Amino acid sequence: HWGYGKEDGPTLWHRNYPVAEGSRQSPIDIIPLQAVHDHSLGPIILSYDHCTSINIANNGHSVVVEFDDSDDRSVIRGGPLDNPYRLKQFHFHWGGKGCHGSEHTVEGMSYASELHLVHWNAVKYKNFGEAATAPDGLAVLGIFLEAGDDHRWLHVITDALYMVKYKGSLTDFKGFNPKCLLPSSLQYWTYLGSLTTPPLHESVTWIILKESITVSEKQLGKFRMLLFTGEEEDQRMRMENNFRPPQPLKGRKVRSSN
Ligand SMILES: NS(=O)(=O)c1ccc(NC(=O)NCCO)cc1
Ligand SMILES: [Zn+2]
């Protein structure tokens with residue numbers, strides 16, 4: 001199976017997932033000065049007020065908070081999107097002690113971590129699985145996490161991580177609204193890309209916020225106490241450096257909101 005190690009990491013994924021070498025892979029290095037200011041790009045609109053988080057889980061690659069996506073109660077719209085996209089889950093990517101862990105980079109600079117809020121086009125597709133294989137099926141909002149002071153709301157997540165230490169573990173996680181994890185500005189870059197983990201489907205409209213949020217090293221350290229491995233496995237492997245490096249732009253344009 002795939003992972004982030006020497007034997008199963010990003011450089012080997014193309015063996016089972018040839019689209020890894022496709023023309024719209026993610027993440028990418030964003031060069032702000034090369035981004036095209038597109039004045040037709042409106043603001044992104046996040047309607048998360050009635051979102052319903054269900055559980056938090058360790059899937060062996062990251063920690064994921066799943067939402068009830070049975071109706072349009074929490075959606076992202078506007079910006080580059082032609083339809084509202086329903087919030088399905090959010091998860092994180094992070095590094096090892098002190099080193100970097102974001103997937104997207106900005107002029108070669110990476111951040112300590114990156115939060116992905118994953119949405120799917122329920123107007124055109126009947127479920128997430130179908131949308132995940134369509135070129136306009138998914139919209140992922142990416143938010144950079146920078147090391148600094150404590151984040152006042154992230155503790156709600158980090159305090160629950162001990163419950164999902166092992167791969168395959170899952171626990172209730174109700175009443176969490178990811179709006180509390182947003183920076184003050186919703187200015188963004190956007191481009192057409194892919195899932196950053198297998199199956200690497202080229203189905204994602206990426207919306208990356210220019211402003212990062214600040215979290216403490218202590219809070220980041222709690223992500224690193226998670227394990228890639230299950231409770232029954234002898235070899236414990238700390239969950240860290242679960243990020244794919246930037247992929248070739250292959251002629252794509254990155255657009256910038258005003
Ligand atoms: N890192 S990412 O590009 O945001 C991403 C999002 C969803 C997936 N896959 C997913 O949600 N599958 C649903 C069932 O596992 C993989 C990668
Ligand atoms: Zn992700």
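Modeller: Let us begin with burial: His91 and His93 are both buried (under 20% relative accessible area; exposed is over 50%, partly exposed in between; 1.4 Å probe, protein chains only). This is a predicted model, where local features need pLDDT of at least 70 and side-chain atom pairs 80 or more, while totals for chains, interfaces and linings use all residues. Residues are numbered from 1 along each chain as written, chains are lettered from A and ligands numbered from 1 in written order, and side-chain values use heavy atoms, without hydrogens and water.

Biologist: Which residues coordinate the zinc ion (ligand 2)?

Modeller: Donors are N, O and S atoms within 2.8 Å of the metal (3.2 Å for Na, K and Ca); water is not among the atoms, so sites may look incomplete. Here His91 (NE2), His93 (NE2) and His116 (ND1) coordinate the zinc ion (ligand 2) at 2.0 Å. Along the chain, the spacing is H-x1-H-x22-H.

Biologist: Why is the arrangement around the zinc ion (ligand 2) tetrahedral?

Modeller: The ideal angle for four tetrahedral donors is 109.5 degrees. Four donors count as tetrahedral if all angles lie between 85 and 135 degrees. Around the zinc ion (ligand 2), the four donor atoms subtend angles of 100 to 118 degrees, so the arrangement is tetrahedral.

Biologist: Which side chains have an N or O atom 3.3 Å from ligand 1?

Modeller: Gln89 does, facing an oxygen atom of ligand 1, and His93 does, facing a nitrogen atom. For Thr196, the distance to a nitrogen atom of ligand 1 is 2.8 Å.

Note on methods. Four donors count as tetrahedral if all angles lie between 85 and 135 degrees; four count as square planar and six as octahedral if opposite donors are over 155 degrees apart and all others between 65 and 115; anything else is irregular. A polar contact is a pair of N or O atoms within 3.5 Å; within protein, one must be able to donate a hydrogen and the other to accept it, and residues adjacent in sequence count only if both atoms are side-chain atoms.
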